Amino acid sequence: MTKLTGFRRKRIGFRNYLATFQTQNLQTDSYGQRTYTDNSTWVTSVEEWPCELISVSGKETVYGDKVSDISTHVIVGDKEQAKDVTAVMRVMIENEEYGIVAIRDVSGTNRELRVELKKNG
């Protein structure tokens, strides 16, 4: 099979949302364990990342005694500005808080990032 040259993927939609990625400024107790008690310890890692916000149907699936997270929203944007985003961060979009479920490189070319989210609260 021959490789297609000059093929450009066209995205449908607008990147009309600005996402802010935050990570916790973790403190350790006297035993060296991380403490998560203070909610004011979130530090901005990436600010005003232009993205497209897509709502998907979200449910929780029960596997035995364990509940599995399923995404409620997906954001898509350029990878360059958000290349250091990890799954332990949270995302703030229009004063709404989202937890990160998964991060994927959409095309495998390190250009576009797809972040699957679950709305908190």
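The protein contains zero helices and ten strands, where helices (H or I, at least four residues) and strands (E, at least two) are DSSP runs numbered from the N terminus. Along the sequence, the order of elements reads β-β-β-β-β-β-β-β-β-β. The model is a predicted one, in which local features need pLDDT of at least 70, side-chain atom pairs count only at pLDDT 80 or more, and totals for chains, interfaces and linings use all residues. Residues are numbered from 1 along each chain as its sequence is written, and side-chain values use heavy atoms, with hydrogens and water left out.

Six of the strands form a closed barrel in the order 1-4-7-10-9-8, with antiparallel pairing; two strands are taken to pair if DSSP finds at least two bridges between them. On average, neighbouring strands of this sheet are turned by 45° against each other, direction ignored. The axes behind such angles are lines fitted to C-alpha atoms, for helices over the stretch in contact, and angles run from 0 to 180 degrees between N-to-C directions. Glutamate 52 has valine 76 of strand 7 as its bridge partner.

Of its 121 residues, 28% count as buried, where buried means under 20% relative accessible area, exposed over 50%, and partly exposed in between (1.4 Å probe, protein chains only). The protein exposes about 9,000 Å², of which carbon and sulfur atoms supply 47%; these areas come from the Shrake-Rupley method with a 1.4 Å probe, and for residues only the protein chains shown count as cover. Among contacts with a separation of 6 or more, 56% link residues 24 or more positions apart, a contact being heavy atoms within 4.5 Å.

In soluble globular proteins, nonpolar side chains tend to be buried together. The largest nonpolar core here has 16 residues, and Ala19, Phe21, Trp49, Ile75, Val91, Ile100 and Leu117 touch the most other members. Strand 1, strand 4 (42-55), strand 8 (90-93), strand 9 (96-105) and strand 10 (112-119) each supply at least two residues of this core. Such a core is a set of buried Ala, Val, Leu, Ile, Met, Phe, Trp, Tyr and Cys residues joined through side-chain atoms within 4.5 Å. Leaving out residues up to four places away in sequence, tryptophan 49 touches Tyr17, Leu18, Ala19, Phe21, Ile75, Val76, Gly77, Asp78, Gln81, Ala82 and Leu113.

Threonine 20, in strand 1 (residues 17-24), counts as buried because its relative accessibility is 17%. Beyond its neighbours within four places in sequence, threonine 20 is in contact with Thr44, Val46, Glu47, Glu48, Arg90, Val91 and Met92. Arginine 90 belongs to strand 8 and is likewise buried, with a relative accessible area of 12%. The side chain of arginine 90 makes a polar contact of 2.7 Å with the side chain of glutamine 22 and another, at 3.3 Å, with the side chain of glutamate 97. A polar contact is a pair of N or O atoms within 3.5 Å; within protein, one must be able to donate a hydrogen and the other to accept it, and residues adjacent in sequence count only if both atoms are side-chain atoms.

The loop between strand 8 and strand 9 holds glutamate 94 and asparagine 95. Phi is positive in each of these non-glycine residues, near 50° for glutamate 94 and near 65° for asparagine 95. Glutamate 94 counts as exposed at 61% relative accessibility, as does asparagine 95 at 76%.
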